[in-house]
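Here is a short report for a reader who is meeting this structure for the first time. Please look over the sequence and the model, then read on.

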Amino acid sequence: PLGHPHDNVEPLDYKEQFKGRQPSQFKDPCEAASKASLQCMDQNNYDRSECMDYFQAYKDCKAAWIERRKQDRRNG
């Protein structure tokens, strides 16, 4: 089941996601939103118009993640 797009708007805690990783290893706190949007495309014969809510959820998640990182840097 695909689930609701807004279930993936909030990114995972990036500090927890990157803990124990080498600097070159990539981890995306919005991975669930990304996978949901790709799964939506698969299920809808790659009709982008059917998956716009999932794309927006991914964009919102990324924006929240970037803003959280900026705020953490400002706070030290």
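Tyr 46 is found in the loop between α2 and α3. Phi of Tyr 46 is near 60°, a positive value in a residue other than glycine. Most residues other than glycine have a negative phi. Tyr 46 is exposed, with a relative accessible area of 55%. Exposed means over 50% relative accessible area, buried means under 20%, and partly exposed lies in between, with a 1.4 Å probe and protein chains only.

Asn 45 is found in the loop between α2 and α3 too. Its phi is also positive, about 55°, although Asn 45 is not a glycine. Asn 45 counts as exposed, at 71% relative accessibility.

This is a predicted model: local features need pLDDT of at least 70, side-chain atom pairs count only at pLDDT 80 or more, and totals for chains, interfaces and linings use all residues. Residues are numbered from 1 along each chain as its sequence is written, and side-chain values use heavy atoms, with hydrogens and water left out.

**The fold**

The protein has three helices and zero strands. Read from the N terminus, the order of elements is α-α-α. Of the 76 residues in the protein, 29% are buried.

How do α2 and α3 pack, by angle and by axis distance? The angle is about 165°, and the axes are 9 Å apart. The axes are lines fitted to C-alpha atoms, for helices over the stretch in contact, and the angles run from 0 to 180 degrees between N-to-C directions. α2 and α3 are therefore roughly antiparallel to each other. That label applies to angles over 145 degrees; under 35 counts as roughly parallel, 65 to 115 as roughly perpendicular, and the rest as oblique. α2 passes α3 in a left-handed crossing. A crossing is left-handed if the near helix is turned anticlockwise from the far one by less than a right angle, and right-handed if clockwise.

**Salt bridges**

How many salt bridges does a search of the whole structure find? It finds four. A salt bridge is a side-chain nitrogen of Lys or Arg within 4 Å of a carboxyl oxygen of Asp or Glu. The table lists some of them.

| Pair | Closest N and O atoms |
|---|---|
| Glu 10 and Arg 68 | 2.1 Å |
| Lys 62 and Asp 28 | 3.2 Å |

Glu 10 forms a salt bridge with Arg 68. This pair links distant parts of the chain, 58 residues apart. Glu 10 sits in the segment before α1 (14-18), and Arg 68 in helix α3 (residues 52-75). Glu 10 is exposed, with a relative accessible area of 52%. Arg 68 is partly exposed, at 27%.

Lys 62 forms a salt bridge with Asp 28. Lys 62 lies in helix α3 and Asp 28 in the loop between α1 and α2 (31-43), so the pair ties together parts that are 34 residues apart in sequence. Are these two residues buried or exposed? Both Lys 62 and Asp 28 are buried.

Lys 35 and Glu 31 both lie in helix α2. They are four residues apart, about one turn of the helix. Lys 35 counts as exposed, at 52% relative accessibility. Glu 31 is partly exposed, with a relative accessible area of 29%.

**Rings and a remote contact**

Arg 69 lies over the face of Trp 65, at 5.2 Å from the ring centre. A charge sits over a ring if NZ of Lys or CZ of Arg is within 6 Å of the ring centre and within 35 degrees of the ring normal.

His 6 lies in the segment before α1. The C-alpha atoms of His 6 and Tyr 58 are separated by 9.0 Å. Along the chain, His 6 and Tyr 58 are 52 residues apart. His 6 is partly exposed, with a relative accessible area of 47%.

Technical notes:
Helix = DSSP H or I, 4+ residues; strand = E, 2+ residues; numbered from the N terminus.
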